[in-house]
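Hi,

Here is the structure I promised to pass on. Have a look first, then read my notes below.

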Amino acid sequence: MIIPRVPVQHRRLLPDRRLSGPTPWVIAILMLLTLLAAAAGVGLARSANAIGAAIAGRVTVQIVTANPVTRAEQAAALRRAAAGQPFVRSARAVEPAELRATLGQWFGSTEGTDGGGDPVLNALPLPALVDIDFVGEDRAAPMRQLRALVAREAPGARIIPHAEWLEPVARLIRSLAWVAGALVLLMTAASAAVVIMTARAALGTHYATIEMLHMIGATDRQIARLFQRRIAIDTAYGIALGSAVAAAILLLIGWEWSGVTAGLAATASLGPWGWALLLALPLLAIALAALTARQTLLAALQKIL
Amino acid sequence: MTPPPRPGGAMVEFNGVGLRYGPDAEVLSDISFNLQPGSFYFLTGASGAGKTSLLKMLYLAQRPSRGLIRLFGEDLVTMPRHRLPGFRRRIGVVFQDFRLIPHLSARDNIALPLRIAGVGEEDLAGPVGEMLSWIGLGERAEAFPPTLSGGEQQRVAIARAVIARPQLLVADEPTGNVDPEMAGRLLGLFEALNRLGTTVVVATHDIHLISRIENAQMMRLEKGRLSDPTGALRYPPNRS
């Protein structure tokens with residue numbers, strides 16, 4: 001039982017005021033930080049996984065043949081050939097207009113969104129690009145088969161795996177997720193320490209009552225249940241408060257985030273398991289607090305005859 | 001449930017008991033005596049003679065530094081700690097400083113031993129009410145200890161000690177804060193309990209109390225050692 005049942009008459013053995021004033025507030029702050037760190041960790045981990053999944057099976061073939069007609073023919077041939085392969089999920093030739101539009105953002109082109117009217121862009125010898133997504137998790141075999149295909153359809157073309165340039169970003173995000181996870185563990189340990197200090201302080205404050213109860217035949221379990229109940233209720237108040245504030249902050253961030261639909265930021269979300277974890281954390285925290293209090297109390301009571 | 005002491009056996013046996021606190025010299029040395037079931041004992045001695053220390057060992061708040069203590073026929077020195085609560089429920093204690101729980105009413109303080117023993121609320125209301133009436137605090141049942149006089153607090157403490165009908169009653173200066181009339185009534189309560197079979201040990205400075213209990217025997221502590229002025233401590237006890 002997380003909060004043990006204690007008869008009403010026995011509850012009166014401890015005065016009505018809370019055992020230690022600051023405890024619920026400290027627990028509330030720790031719970032708030034724990035939930036925010038956990039949410040950040042889950043979001044970052046999911047983002048890293050989403051990026052990893054998106055880039056792991058994608059390559060871009062860059063055809064740099066000098067003759068633009070031959071280049072276009074090679075790109076079309078490669079796209080067709082690749083699309084027919086069983087190891088390819090999709091193959092798409094990147095349109096020259098799309099390329100110019102991308103480059104236009106870097107060149108500061110003012111000639112429309114596709115940069116088509118920019119003489120500098122038009123003068124650039126742009127390569128032909130074919131984006132290819134592989135089927136399945138295995139990457140080595142499809143890469144070998146693709147190299148053979150490229151050598152046949154577009155000799156001299158370069159194969160650029162997306163993982164090569166996005167993987168460091170995903171790795172960084174994963175590292176941040178681990179840091180967030182470590183913070184959750186640290187704050188859990190800090191919360192347990194607060195509960196231990198609260199339990200010890202409660203025993204000190206009520207030592208005379210405890211001694212009296214011992215003398216009239218109360219068992220350690222009877223005494224521990226009294227304090228365990230009170231500490232569990234105190235920490236539950238703190239946990240509820242911290243969780244409510246954390247939920248408000250997360251919902252606000254989620255609302256702001258919903259406007260972000262592009263780039264890496266769009267991959268960050270908590271998902272059903274993330275939300276389930278966040279909902280479970282407060283309950284686990286109450287259970288941990290009650291268990292910690294019980295063990296601390298029993299250990300301390302053992303030292304009294 | 002621990003069996004009662006065997007017929008004819010001592011309820012309490014101290015044999016060569018010594019007690020020291022920390023590295024200091026012994027406060028009690030070579031204490032040996034037997035307390036017979038159903039007897040009434042007074043423990044006297046000057047302040048600092050060790051009366052309270054001896055009582056603490058009797059009511060299981062302290063283990064001895066050496067020697068043997070048997071209570072209700074069982075060795076207390078080596079008894080595992082988890083068995084102590086069961087023994088303590090058979091002992092009533094009246095503390096010199098009362099040790100009432102200040103945020104509990106007089107009624108709740110008196111009911112405490114019964115509640116700890118698991119007696120239901122419906123079963124304890126009657127005995128607690130009777131006890132309150134008997135000690136003259138029926139009208140002040142809901143008063144909290146800080147609002148009671150010293151004498152009233154002492155009566156509540158005594159009522160708490162006897163409410164569960166203990167087999168052994170240990171009282172440390174139980175009449176120190178009450179007027180002679182109330183002292184007489186409280187002693188009468190102890191005597192009545194004694195007649196019902198409770199072994200009573202009362203530590204007191206008041207030499208006049210001793211003469212008020214017929215057949216009471218006296219133990220005297222002097223500088224941590226026990227003397228036997230009434231022959232109470234002989235084994236087998238002096239029946240003359």
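**What I found**

Strand 1 (residues 58-63) and strand 4 of chain A run antiparallel and are joined by four bridges. Here strands (E, at least two residues) and helices (H or I, at least four) are DSSP runs, numbered from the N terminus, and two strands pair if DSSP finds at least two bridges between them. One of the partners is A:Val61, bridged to A:Ile159 in strand 4 of chain A.

Before going on: this is a predicted model, where local features need pLDDT of at least 70 and side-chain atom pairs count only at pLDDT 80 or more, while totals for chains, interfaces and linings use all residues. Residues are numbered from 1 along each chain as its sequence is written, and chains are lettered from A and ligands numbered from 1 in the order in which they are written.

Back to chain A: its four strands make an open, antiparallel sheet in the order 2-3-1-4. Strand 2 (88-94) and strand 4 (158-161) of chain A are at the edges with a single partner strand each, so one side of each has no neighbour in the sheet.

Chain B also has a sheet: four strands, open and antiparallel, in the order 2-1-4-5. Its edges are strand 2 (28-35) and strand 5 (74-75) of chain B; each has a single partner strand, so one side of each lacks a neighbour in the sheet. Two bridges link strand 4 (residues 66-71) of chain B to strand 5 of chain B, antiparallel, and B:Leu71 sits opposite B:Glu74 in strand 5 of chain B.

Cheers
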